[in-house]
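Let us walk through this model together, from the whole chain down to single residues. Please keep the viewer open as you read.

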Amino acid sequence: LSAFRQRDCWFHNMENDVSFKFHQQLLLISENLVTEDVAALKFLCTDLLPLSKLEGVKSAADIFKLLMAQEYLNAEDTFLLAELLYRMKYHSLLEKVGYTKEKVQECLHEKGRVSPYRQMLYELSENITSEMLEEITFLLQSHLPKRWTTLSALDLLTLLEKQGHLTKDNVQILEDVCMTVSPDLLETIDCYKKAKVLCCNIFSSPDVRTAAKLLKELGVLLSFCPTKMHKRRCVLLSSEQEGTSVDGVFYFNPRLDVNTWHLKFCSLKRQAFFFSFLQIMKSYKMDGPHRGFCLIINNVNFSRSQRKGSCRDAERLERVFTWLGLDVKTYTDLKSGDIINLMETWQRVQDHKDRNCFICCVLSHGKSGAIYGTDDKLVSIRKLMSHFTAKQCPQLAAKPKLFFIQACQGNSIQRPVHVDTDGPTPDLSSMQERVSLFESIPEEADFLLGMATVDGCVSFRHIEEGAWYIQALCSKLQLLVPRGEDILSILTQVNEDVAKRVSPSGTKKQMPQPAYTLRRKFIFPIPTAPPPS
């Protein structure tokens, strides 16, 4: 009997210890959240907790208590809190509840509780500036209490909901004010409405063929992928075992033909299904018969220098972009005129119309706003990119065009051991005027320019391993594309990688710089093959 009592006491103490640590983590999280964050938490939890109780909330800890009382949150299941922190972009706090950004993304479709409607409103509020809010408040004066003061966009949205002017089925009032104040805000609302209609049609489809057609309208590439890694981004997936639920949407028996597929609504909730497509609709379509062309211009041999290590960069780029599904074409040692002629040739290629995107990588020497041909003559980066505007290349209109430039953008040269720079020997008697990075991009949408370095600075290249920037770019593409990351998130990681590097002398560093006019997220479909080694 004494032994049983001791064991029960031990278990009780262990449970108390776990509970204490859990509450301690919640307190730490609460202390890291300011007043605006508490308001965001309240708004995101509006559909989960009684409004009367939410109105009395003073701190994040108060919300955590309410969530625990409703059994949404406990020491064993912290996902809802992780989702809330993720929505609020507090990724650094996720580890305190046992999650990472990537782990939350993997679980959202199955376990997410914040409704697509609530997410849409929250995202909208994040993009409404104080000036916009003043204009919106003025337009809605007839709907607001006479002495009511608008404190934030979330306050205004909450009031409109309370008055019944705004519901998940009626967002007309938002469309009206956004059209007047900032039409760009309409994209978020339009995505929500389109996804809502199409997903309702999908769930009411009489057969899989009809559902598949509707899925294609959403820009979803119907594909078969047996590996667990890719289930997050595939819709139709083959299953190893008959009758196994895949993402909770489709069951597929590989021994049966397409006519025997049947649609079942099982573990995946309608709202999670809906939101997955809401996210897809905000990305560029990547479901064409071919991914796109990737040009690699690799200038190695110049009259006064050789860019050692550049061939290693070109080979690495070719392997990675081939893995990503692009048709890669490599050109070596082009003079300035040859580069312009090549751009003019590819601008007229009719096959772009069947492609999703276009990518061009240039490895060369450079100066501010320009790259060198092997004849030591400059080609403006803006001129190089302008061949692919909607007017010059209609086949690529509204499609993403990505340019990656590995070249110096300044004249100074400092050569440590084993480290070379991608800039020619400078003429110190003259100084070249610097060109803003954004001046290099054509003045229209759907372009991205990834530069190895900021304007006026050199970029470093190892004479055997290749350029720091290209090494980091290829490495992060291989790591993060399988996780479903978009290109801007990937380039942020590239910046971090390169920024940590230092020359052997310990005195020289480098910072890449992207600039873009993309209108949507650019996400590479996840390849079925493993990344190249």
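First, a word on how to read the values. This is a predicted model, in which local features need pLDDT of at least 70 and side-chain atom pairs count only at pLDDT 80 or more, while totals for chains, interfaces and linings use all residues. Residues are numbered from 1 along each chain as its sequence is written, and side-chain values use heavy atoms, with hydrogens and water left out.

The chain holds 18 helices and 14 strands. Here helices (H or I, at least four residues) and strands (E, at least two) are DSSP runs, numbered from the N terminus. Of the 533 residues, 50% count as buried; buried means under 20% relative accessible area, exposed means over 50%, and partly exposed lies in between, with a 1.4 Å probe and protein chains only. Contact means heavy atoms within 4.5 Å. Among contacts between residues at least 6 apart in sequence, 71% join residues at least 24 apart.

Now to the sheets. Strands of a sheet pair through backbone hydrogen bonds, either parallel or antiparallel. Two strands count as paired if DSSP finds at least two bridges between them. At the E4 end, strand E3 (residues 290-298) runs parallel to E4 and is joined to E4 by 6 bridges. Ile296 has Thr330 as its bridge partner in E4.

Follow the order of the sheet to E11 (residues 447-451), where 5 of 5 residues are buried. What are the partners of E11? Strand E9 (residues 401-406) pairs with E11 in the parallel sense over 5 bridges, and strand E14 (residues 513-516) pairs with E11 in the antiparallel sense over 4 bridges.

E7 (residues 370-372) and E8 are paired in the antiparallel sense over 3 bridges, with Ala370 opposite Ser380. Ala370 also gives a way to find Arg382: the two are 12 residues apart in sequence and 8.0 Å apart in space, C-alpha to C-alpha. Arg382 belongs to helix H16 (residues 381-386) and is partly exposed, with a relative accessible area of 30%.

Next comes a helix pair. Two packed helices are described by the angle between their axes and the distance between the axes. Axes are lines fitted to C-alpha atoms, for helices over the stretch in contact, and angles run from 0 to 180 degrees between N-to-C directions. Helix H7 (residues 116-127) packs against helix H9 (residues 153-162) at an angle of about 140 degrees, and their axes are 9 Å apart. That makes H7 oblique to H9; angles under 35 degrees count as roughly parallel, over 145 as roughly antiparallel, 65 to 115 as roughly perpendicular and the rest as oblique. The contact involves Tyr117, Arg118, Leu121, Tyr122 and Ser125 of H7 together with Ala153, Leu154, Leu157 and Glu161 of H9.

Finally, look at two loop residues. Glu71 is not a glycine, yet has a positive phi of about 65 degrees. Glu71 sits in the loop between helices H4 (60-69) and H5 (79-87), and is exposed, with a relative accessible area of 69%. Lys89, also a residue other than glycine, has a positive phi near 65 degrees. Lys89 lies in the loop between H5 and helix H6 (101-111), and counts as exposed at 61% relative accessibility.
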